[in-house]
Amino acid sequence: MKPKTLYLLPSSLSARLSLWIVLFVGMLFLATFSLMFYYAREAVRNEAEGKALDLLEMMEIDVTNTLHEKEVVTRQTHWNVEQNLDNPRMLEDYLQDILRNTPEIVGVAAAFEPDYYPSHPGEYMIYYYRNGSQLIRSEQFAGESYMHQPWYEATKNRNGEYWSEPTETYRTNGEPIISFGIPLHDKGKVVGVFAIDISLYWLTYAVQHGRPSSTVFGAMATRKGAFVIHPDTAQLRPGAVFKIGDQMPGDKHDLLAYKMLSGETGTMLIDINGAKSFVSYKPVKGTPWVIDVVCPEEEVLGNYNHLISLMVLIVILALMMITAFCYFFIHRELDPLRTLEGSAKQMTKGDYFAHVSTSGRQDEVGSLTNSFVAMRRSIRKHIDEIDRTREKLSGQNKALNEAHEHIKEAERVKTAFLQNMTDQMDEPVREIAFLVSDLKVHYDEMTPEEKVELANQMETHTETITSLLSRMLEVATKGEEKEGGV
């Protein structure tokens, strides 16, 4: 018994051929486009990483330029401060001018070694910060001695320029800050530090404002894990890098943080807030900081994913068009076969004389059509011959019956002889009658060979009867000759 699944296939040969062709083409499309999109995705991925690195370079340039502008302002004022160390009043004017002319700077300080000014024994610092439109003077920062604060101590010990790291308690008007310090020299000796404060909120805004897309953002952090720039200003605090990593599942974030803070350069694909993103990172030249850019995968691969959907639609439409084309083309090519099928059905019903045209095609279908036409003509020829033979036999049988009656009438005296001869003729006659009857009943079911065989048998019996009649005539002739002689 055939599996039932086979009955799901269409019965039409053209439809089945179309289906198999479409299945093959579909598999070919699937293999081709899968391979193509695999390599295309790899190329787009590499391009995405390159794009992320380009964005990282642009952000580094923005950060460097932004910080460099403040460094230039600080260096220019630093020269004036060093030239007027003997005039504290003049120093205060310089510091206030910086705040008035540079709104990005939120605080400025000139701090000195203890007892540097005899008129100000102990620690002495001139510190101005902006509170709205007012400039406020203070001799302390963060409510503690500046001597051990990093911006002062590290700058003095290095005897060079220094950007401090964010500290939770170092804030101006509630905003986290970083400080840029330059040592003050008097007669070749470090006597203090001149420093400016810039808001991390402002620095973050200044850098993020130039990002190419709302979904692309960057961050900058110190090697100790404190963010200097971050789109979420709530993260601008010490240790925020590690706290964010603790909130994320998996080990990739920890690995990324480790590589960033180690000063490595590279790109990773990680999950951030449920969205896969490319993260490119590198150290900032000339600073103890690292910088990174986060670019969502959808930002880069969005067009690629849309292309896949478009190509799937195109492939489906192409397969539908191929199916329609194959069906109608194959249907037209197989039209002669359907004509042959109709003729074959007519032949099974006994109609051997329906018209079938020959084909001018040179392919297998044309050859089959012409062979079928030739076969049908041959069958008709044999049937015609059988009909003629049957008519001939029918006439011979009639003549024999008449001759038999005449012989019986003419030769009563030869009853014994005629009876014997009649008995011999009776069997062939019955065979002929039986064959004719059989031919008449089973004519439509017989093959041409069987019909020819019946005709041969009838001819044989006819010859037997003819031979017997010849003998009877010969005997009758002799009897008449004898009677005439008598």
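Two residues are in contact when heavy atoms of one lie within 4.5 Å of heavy atoms of the other. In this predicted model, that definition applies to Asp-292, which touches Leu-56, Met-59, Gly-218, Ala-219, Met-260, Val-279, Ser-280 and Tyr-281, leaving aside residues up to four places away in sequence. Asp-292 belongs to strand β12, residues 289-296. The points below go from this residue to its strand, then to the sheet and the helices.

- Is Asp-292 buried or exposed? Asp-292 has a relative accessible area of 7%, and the cut-off for buried is under 20%, so Asp-292 counts as buried.
- Val-290, Asp-292, Val-294 and Pro-296 point one way from β12. Trp-289, Ile-291, Val-293 and Cys-295 point the other way, and the residues of both groups are buried.

**The sheet**

- Strands of a sheet pair through backbone hydrogen bonds, either parallel or antiparallel.
- The sheet that contains β12 is open and has 5 strands, in the order β9-β8-β12-β11-β10, with antiparallel pairing.
- Which strands stand at the edges? They are β9 (227-229) and β10 (266-272); each has a single partner strand, so one side of each is left without a neighbour in the sheet.
- On average, neighbouring strands of this sheet are turned by 30° against each other, with direction ignored.

**The two partners of β12**

- With β8, strand β12 forms an antiparallel pair over 6 bridges. Met-220 stands opposite Ile-291 of β12.
- With β11 (residues 275-283), strand β12 forms an antiparallel pair over 7 bridges.
- Val-279 has Val-294 of β12 as its bridge partner, and Ser-280 has Val-293 of β12. Val-279 and Ser-280 are also among the residues that Asp-292 touches.
- The hairpin of β11 and β12 has 5 residues between the strands, and in this hairpin Gly-286 takes a positive phi near 80°.

**Helices on the sheet**

- Helix α4 (residues 200-208) lies across β8 (217-222) and β9, and runs at about 50° to β9.
- Helix α6 (residues 252-261) packs on the sheet and touches β8, β10, β11 and β12. The direction of helix α6 makes about 145° with that of β10.

Terms used:
Residues are numbered from 1 along each chain as its sequence is written. This is a predicted model: local features need pLDDT of at least 70, side-chain atom pairs count only at pLDDT 80 or more; totals for chains, interfaces and linings use all residues. Side-chain values use heavy atoms; hydrogens and water are left out. Helices (H or I, at least four residues) and strands (E, at least two) are DSSP runs, numbered from the N terminus. Buried means under 20% relative accessible area, exposed over 50%, partly exposed in between (1.4 Å probe, protein chains only). Two strands pair if DSSP finds at least two bridges between them. Axes are lines fitted to C-alpha atoms, for helices over the stretch in contact, and angles run from 0 to 180 degrees between N-to-C directions.
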